[in-house]
Amino acid sequence: MKFIVKLQAEIAIKSRPVRKRFTKILDSNIKNVLRRVDEKVTTSVNWDSIEINTKNDSPENRQQLIDTLKCVPGVAQFIEVQQTDFTDLHDIFEKTLAIHGKTIENKTFCVRAKRTGEHEFNSLKVEQYVGGGLNQSVESASVKLKKPDVTIRLEINRDKLFIVTELHKGLGGFPIATQEDVLSLMSGGFDSGVSSYQMIKKGSRTHYCFFNLGGSAHEVGVKQVSYYLWNKFGPSHRVKFYSVDFAPVVTEILEKVENGQMGVILKRMMMRAAAKIAEKRGIQALVTGEALGQVSSQTLTNLNVIDRVTDTLILRPLTAYDKQDIIDIARKIGTEDFAKTIPEYCGVISKKPTVKAVLSKIEAEEENFDFSILDKVVEDVSVYDIRDIGEEAEAEVPSIDAVSALDENAVVIDIRSPEEEDDNPLELDDVEVKHLPFYKLGTQFGDLPQDVTYYLYCDRGVMSQLQALYLHDNGYNNVKVYRP
Ligand SMILES: Nc1ncnc2c1ncn2[C@@H]1O[C@H](COP(=O)(O)OP(=O)(O)OP(=O)(O)O)[C@@H](O)[C@H]1O
């Protein structure tokens, strides 16, 4: 079985040394990923193409190789060919008939030929001779040069004939590692998954950085989608997954910062932390999934104030995308289902975020923030080789049963922020309701009597689920979720 990867135009027009470098990297990436499927794969590099051969001709192997090759950045399209020798034009016709006689039955068709080397005929002659012969031999077929049902492609390279049996569309982009590394901020939603994919496709080795705001469920979800993206589009290169426990930073923001400024300050804290992680590893750019105007706080003014926090380049591949386009790409690349299950955690941090952040005001608010907390969480960052999180990523995201009816001994903890509680108070007959906002649970839950079962309550059931898991992680098994 043989496939031929054609160099795409954007690589082919590069200068000779760059083209050679890109082709060499692409060849090595292709070998690396295809040998995960079939260790018998060999490749050979030509000036304008890479040939891929294997002795394993089974249909399963073929399909797996095609599926894998379609996901290699830098491959815009590839053809599947049958290779034979030939003696003359008539021999070319007969060999083509043997393979494509059935393909063109009851169809319109044309023949397209390319030729390299010394022959007694040119490409046009091949097209006319083979096309005419097929037309006569297959009664139900007819020649149509414009928009035929089937295009039969032949490539003649010196004494070899390649009969193309199928043409497959690839991913496009550049081979991984032809561009420098980036650190992608992954929240696990639609946007950060798609922006990471865009950077992998563009040829950057893409590492992941996750700020954990809500315990193991969130982390498992983000690891799953990061692992999926790496495994599908970038397994030729090792990357790292950085996880930073951001709960202490969120608590400090919630206690020290004015409500409307919280969102921008949280992002600035993320950028500060990510820039430090990147700098230490020689990574030059951060990537986020922000898109202009997608949520009210994603304004140019705010993005500008966020960017002022670091000299590190911040890339936002989705800036000008519509949400629907992003969702369509997420569906195409297979991250849609992951994204649906990831809670929108950040939304809760500020109910009416500013849309026009003022740098001086933000900086004044940040003076109240204890930066040793940020330094500590960055210092304690957990670093994983993405290959090692594969198994973990396959695990079920843990969840805690939600209860809709309570008995009279139950104690509910309303974990919403005080403003949310004021807007929509929770009133339950005969059941005790305590008030402890989610950002204080970590430090104050342990002070409550522990011979009682607590039911956490929030508006959407997302934060209560995350916090219940977080408390379970910390050994408190007397916690459930109340979801009326
Ligand atoms: N917990 C987090 N860890 C790492 N990066 C984050 C986190 N939260 C947000 N980000 C980064 O900030 C970007 C914007 O996040 P925000 O929550 O404001 O918008 P979003 O549209 O919901 O993003 P997404 O769909 O990617 O979750 C994300 O795309 C991601 O790059």
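In what order do the 8 strands of the open sheet stand? The order is S2-S3-S1-S4-S8-S7-S5-S6, with mixed pairing. The model is predicted: local features need pLDDT of at least 70, side-chain atom pairs count only at pLDDT 80 or more, and totals for chains, interfaces and linings use all residues. Residues are numbered from 1 along each chain as its sequence is written, and side-chain values use heavy atoms, with hydrogens and water left out.

View 1. Strands (E, at least two residues) and helices (H or I, at least four residues) are DSSP runs, numbered from the N terminus. Two strands pair if DSSP finds at least two bridges between them. Strand S2 (42–45) and strand S6 (142–143) are at the edges and have a single partner strand each, so one side of each lacks a neighbour in the sheet. Strand S1 (residues 2–6) and strand S3 (residues 49–53) run antiparallel and are joined by 5 bridges. Opposite Ile 4 stands Glu 51 in S3.

**View 2. Helix H5 on the sheet, and Thr 108 in strand S5.** Helix H5 (residues 123–137) lies across strand S5 (108–116), S6 and strand S7 (150–157). H5 runs at about 145 degrees to S5 (axes are lines fitted to C-alpha atoms, for helices over the stretch in contact, and angles run from 0 to 180 degrees between N-to-C directions). Thr 108 belongs to strand S5 and is buried, with a relative accessible area of 18% (buried means under 20%, exposed over 50%, partly exposed in between; 1.4 Å probe, protein chains only). A polar atom of the Thr 108 side chain lies 2.9 Å from the backbone nitrogen of Asp 149. Leaving aside neighbours within four places in sequence, Thr 108 is in contact (heavy atoms within 4.5 Å) with Ser 142, Lys 144, Pro 148, Asp 149 and Val 150.

**View 3. Aromatic pair of Tyr 228 and Phe 338.** Rings of Phe, Tyr and Trp (its six-membered ring) pair if their centres lie within 6.5 Å; planes under 30 degrees apart count as stacked, over 60 as edge-to-face and the rest as tilted. The whole structure holds 11 aromatic pairs. The pair of Tyr 228 and Phe 338 is tilted, at 5.2 Å centre to centre and 50 degrees between the planes. Tyr 228 is in helix H7 (residues 215–233) and Phe 338 in helix H12 (residues 336–341), so the pair ties together parts 110 residues apart in sequence. Tyr 228 is partly exposed, with a relative accessible area of 23%.

**View 4. Aromatic cluster of Phe 445, Tyr 454 and Tyr 476.** Ring pairs link these residues into a cluster. Phe 445 is buried, at 0% relative accessible area, whereas Tyr 476 is partly exposed, at 25%.

View 5. Strand S10 (residues 206–212) pairs with strand S11 (residues 240–245) in the parallel sense over 5 bridges. Asn 212 has Asp 245 in S11 as its bridge partner. S11 and strand S14 (residues 382–385) run antiparallel and are joined by 4 bridges. Phe 241 stands opposite Tyr 384 in S14. The charged end of Lys 223 sits over the ring of Tyr 384, 4.0 Å from its centre (NZ of Lys or CZ of Arg within 6 Å of the ring centre and within 35 degrees of the ring normal). The charged end of Arg 16 sits over the ring of Trp 47, 4.8 Å from its centre.

Conventions
A polar contact is a pair of N or O atoms within 3.5 Å; within protein, one must be able to donate a hydrogen and the other to accept it, and residues adjacent in sequence count only if both atoms are side-chain atoms.
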